[in-house]
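Trainee: Could you walk me through a structure and show me how to read its side-chain features?
Mentor: Gladly; let us look at it together.

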Amino acid sequence: FETIFYNSKDGIAILDLDSNFLNFNNEYLHIVGLTREELLQTSCVKLTVAEDIEKTKEVVQKVIETGFVQNFEKSCIGKGNKRVTVNMSLSLMPDKKRILISTKDVTYLKQLASKMKLLEMSEMMGNIAHQWRQPLSLISVVASGIKLRNEYGSLEKEEIETNMDRVLEQTNYLSKTIDDFRNLIDGTEEA
């Protein structure tokens, strides 16, 4: 077990019930970027970013009460204020005085997912722009035509009504396009 503990490519640490570090492997040190001495002087909660502290305290309490929490994700502040996102599984040890945590650094995966989301949003905005260009162009042409004909005094009531119907038809199309994309995002309609 000692060989597994020290040679695992997952960060493994042992905490007391107040989340203070008691022991850990080199991979855990690598994930948080601290020295052995620095890590022994802090706690899992103290390494947590402000917005995740309460959630972390609740998870530690849940482990004490139920014995296990799997796939807990939080962000830590490591050496030089470097933010690291980790996924942890926590187990209450048989002596009920210590907690074993297994940690994976998922920072890169989170950054990749964020970039993918931005790319998807960019592509969607491109699709919306493509869908909107022709109706907006038509509305612009109709408005310019009405304005020009009005300036020359050659605008007829029938022409106004016909052109306003065209504008309303195009604005309805634009509105429907928004609804179609919203439904696509919500998953209520297939691409």
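Mentor: What follows is a talk about salt bridges, aromatic rings, a loop and a surface patch in this predicted model.

Trainee: Let me start with charges. How many salt bridges are there?

Mentor: The general idea is that side chains of opposite charge can pair when their charged atoms come close. Here the count comes to 7 salt bridges. One of them joins Lys79 and Glu38, with 2.5 Å between the closest N and O atoms. Lys79 sits in the loop between strand 3 (68–77) and strand 4 (83–92) and Glu38 in helix 3, so this pair ties together parts that are 41 residues apart in sequence. Lys79 is partly exposed at 44% relative accessibility, and Glu38 is partly exposed at 30%.

Trainee: Which residue meets Glu51 in a salt bridge?

Mentor: That is Arg83, at 2.5 Å from N to O. Glu51 belongs to the loop between helix 3 and helix 4, and Arg83 to strand 4, so the pair ties together parts 32 residues apart in sequence. Glu51 has a relative accessible area of 55% and is exposed, while Arg83, with 44%, is partly exposed.

Trainee: And what does Glu159 pair with?

Mentor: Glu159 forms a salt bridge with Arg149, where the closest N and O atoms are 3.1 Å apart. This pair links Glu159 in helix 6 (residues 157–186) to Arg149 in helix 5, 10 residues apart. Both ends are partly exposed: Glu159 has a relative accessible area of 22%, and Arg149 has 34%.

Trainee: Now the rings. How many aromatic pairs are counted?

Mentor: A pair of aromatic rings is described by the distance of the centres and the angle of the planes. In this model the count is 3 aromatic pairs. For Phe5 and Tyr6, the ring centres are 4.8 Å apart and the planes stand at 80 degrees, so the pair is edge-to-face; the cut-off for that label is over 60 degrees. Phe5 is buried, with a relative accessible area of 11%, whereas Tyr6 is partly exposed at 38%.

Trainee: Why is the pair of Phe21 and Phe24 edge-to-face?

Mentor: Because their planes are at 80 degrees, with the ring centres 6.2 Å apart. Phe21 and Phe24 are both buried, and ring pairs link Phe21, Phe24 and Tyr28 into a cluster.

Trainee: Let us turn to a loop. Is Thr48 buried or exposed?

Mentor: Thr48 is buried, because its relative accessible area is 5% and the cut-off for buried is under 20%. Thr48 lies in the loop between helix 3 (36–40) and helix 4 (53–66). Its side chain reaches the backbone oxygen of Cys44 at 2.8 Å, and a polar contact of 2.6 Å joins the side chains of Thr48 and Lys74. Beyond four places in sequence, the contacts of Thr48 include Ile53, Thr56 and Ser75.

Trainee: Where is Val45 placed?

Mentor: Val45 is in the loop between helix 3 and helix 4 as well, and it counts as buried at 14% relative accessibility. Leaving out residues up to four places away in sequence, Val45 touches Ser19, Ile53, Thr56 and Lys57.

Trainee: Finally, which residues make the nonpolar surface patch?

Mentor: Tyr108, Leu112, Met116 and Leu119 make a patch of about 430 Å². Leu112 is found in helix 5 (residues 107–151) and is partly exposed at 37% relative accessibility.

Definitions and conventions: Residues are numbered from 1 along each chain as its sequence is written. This is a predicted model: local features need pLDDT of at least 70, side-chain atom pairs count only at pLDDT 80 or more; totals for chains, interfaces and linings use all residues. Side-chain values use heavy atoms; hydrogens and water are left out. Patches are made of residues with over 30% relative accessible area and no salt bridge: like charges are joined within 9 Å, nonpolar side chains (Val, Leu, Ile, Met, Phe, Trp, Tyr) within 5 Å. Accessible areas come from the Shrake-Rupley method with a 1.4 Å probe; for residues, only the protein chains shown count as cover. A salt bridge is a side-chain nitrogen of Lys or Arg within 4 Å of a carboxyl oxygen of Asp or Glu. Helices (H or I, at least four residues) and strands (E, at least two) are DSSP runs, numbered from the N terminus. Buried means under 20% relative accessible area, exposed over 50%, partly exposed in between (1.4 Å probe, protein chains only). A polar contact is a pair of N or O atoms within 3.5 Å; within protein, one must be able to donate a hydrogen and the other to accept it, and residues adjacent in sequence count only if both atoms are side-chain atoms. Contact means heavy atoms within 4.5 Å. Rings of Phe, Tyr and Trp (its six-membered ring) pair if their centres lie within 6.5 Å; planes under 30 degrees apart count as stacked, over 60 as edge-to-face and the rest as tilted.
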